[in-house]
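Have the sequence and the structure open as you read.

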Amino acid sequence: MKIAILDDYFDTVRTLPCFGMLAGHDVTIFNDHVQDTDALAERLRDTEVLVLIRERTKIRTPLLERLPKLKLISQRSVYPHIDVETCTRLGIVVSSSQHADTPSYAASELTWSLLLAATRQIPQQVASMKAGHWQMGVGTTLRHKTLGVHGYGRIAKVVAGFAAPFGMNVLVWARPDGLERARADGHAVAASKEELYERSDVVTLHMRLVDATRGIVTASDLGRMKPSSLLVNTSRAGLIVPGALLEALRAGRPGGAALDVFEEEPLTDVSHPLLNMPNVVCTPHIGYVATDEYEVQFTDIFGQIVSYTDGTPTNVVNPGVLANRR
């Protein structure tokens with residue numbers, strides 16, 4: 001099979017032990033990022049299996065209709081960047097493991113790292129020293145503060161567990177099943193979403209981006225936050241109403257943000273307001289970017305390819321395609 005792997009920025013995938021699962025296949029790895037439809041259609045014209053690294057490249061109908069040899073798209077996690085209905089119409093199988101049993105410890109660790117970096121002003125203090133200055137401000141501690149966790153899935157459970165050693169109180173708001181899991185884990189639950197945002201000193205978002213959660217965090221929610229509070233988002237920018245966070249930060253509620261995800265990615269415009277606010281810490285969507293995490297993810301992704309070539313596709317998100325797949 002002719003396999004193409006997109007957006008492997010640092011040529012990491014071929015170094016993973018699981019890469020051996022593709023032995024015998026014709027594999028091409030692209031290390032740059034291309035979104036132009038014409039350019040992608042040219043480079044993928046002979047591709048039979050397309051491997052995606054999360055949502056780095058959008059796979060839309062105009063591109064799909066120009067890839068007559070494509071049979072399988074294999075990836076992990078959610079797939080808002082793929083026109084799945086078009087794939088079904090064209091006979092292209094989309095396989096995507098939802099990894100329900102394996103939390104991303106890498107994303108959980110980054111969440112806590114951003115929380116610490118923002119509250120103790122670590123990036124700003126480092127920049128001050130590199131500029132030839134000494135201390136540039138006074139940070140805050142976490143002890144006796146309230147960590148508000150919006151959403152309670154695999155990653156949120158791990159993040160909430162980090163709070164106890166730091167002396168933080170945990171308050172959770174989620175769907176009913178999430179609230180039950182939070183209670184079972186010994187955490188307090190909010191009476192409402194409004195209470196979560198009003199009471200929390202830090203709010204961290206942990207939900208998949210699906211139709212039901214898109215824009216679930218509103219300007220009103222953000223406006224309820226304390227002027228001293230912090231919003232952390234390592235999930236997806238689309239959970240927040242477009243533009244609402246920037247306006248809320250300008251209005252002073254919340255008092256700061258720590259972000260790994262953005263409305264447009266990659267974010268390379270150095271004049272972007274979020275990159276120039278002294279109360280915002282930004283990282284370039286690296287929550288899952290760790291070699292250990294890659295090994296876990298690509299074992300699933302390559303396993304889906306092996307299953308497909310064996311004639312038994314797995315984790316198929318468009319099962320209607322199976323009757324007329326290419």
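What follows goes from the overall build to single residues and their partners.

A word on ground rules: this is a predicted model, so local features need pLDDT of at least 70, side-chain atom pairs count only at pLDDT 80 or more, and totals for chains, interfaces and linings use all residues. Residues are numbered from 1 along each chain as its sequence is written, and side-chain values use heavy atoms, with hydrogens and water left out.

Start with the secondary structure. The protein has eleven helices and twelve strands; these are DSSP runs numbered from the N terminus, with helices being H or I of at least four residues and strands E of at least two. Along the principal axes, the C-alpha atoms fill a box of roughly 60 × 50 × 35 Å.

Of the 326 residues, 49% are buried, where buried means under 20% relative accessible area, exposed means over 50%, and partly exposed is in between (1.4 Å probe, protein chains only). Carbon and sulfur atoms hold 55% of an accessible surface of about 15000 Å², computed by the Shrake-Rupley method with a 1.4 Å probe.

You'll find K71 in the loop between α2 (61-64) and β4 (72-76), partly exposed at 25% relative accessible area. Leaving aside neighbours within four places in sequence, K71 touches M1, E48, G91, I92, V93, Y308 and R326. R326 is 255 residues away along the chain, yet the two C-alpha atoms are separated by 5.7 Å.

On to the charges. Side chains of opposite charge can pair when their charged atoms come close. There are 20 salt bridges here, each being a side-chain nitrogen of Lys or Arg within 4 Å of a carboxyl oxygen of Asp or Glu.

Look at D32 and R43, which meet with N and O 3.0 Å apart. D32 lies in the loop between β2 (26-29) and α1 (37-43) and R43 in helix α1, so this bridge ties together parts eleven residues apart in sequence. D32 is partly exposed, at 35%, and so is R43, at 26%.

Which parts of the chain does the bridge between R236 and E55 link? The side chains meet at 2.6 Å, N to O. R236 is in the loop between β10 (230-233) and α10 (244-251), and E55 is in the loop between β3 (49-51) and α2, 181 residues apart. Both residues are buried.

D201 and K226 form another bridge, their closest N and O atoms being 2.9 Å apart. D201 sits in the loop between α8 (193-199) and β9 (202-205) and K226 in the loop between α9 (219-223) and β10, so the pair ties together parts 25 residues apart in sequence. D201 is buried at 16%, whereas K226 is partly exposed at 25%.

Finally, turn to R175, D177 and R181, which are linked in a network of salt bridges.

Methods: Contact = heavy atoms within 4.5 Å.
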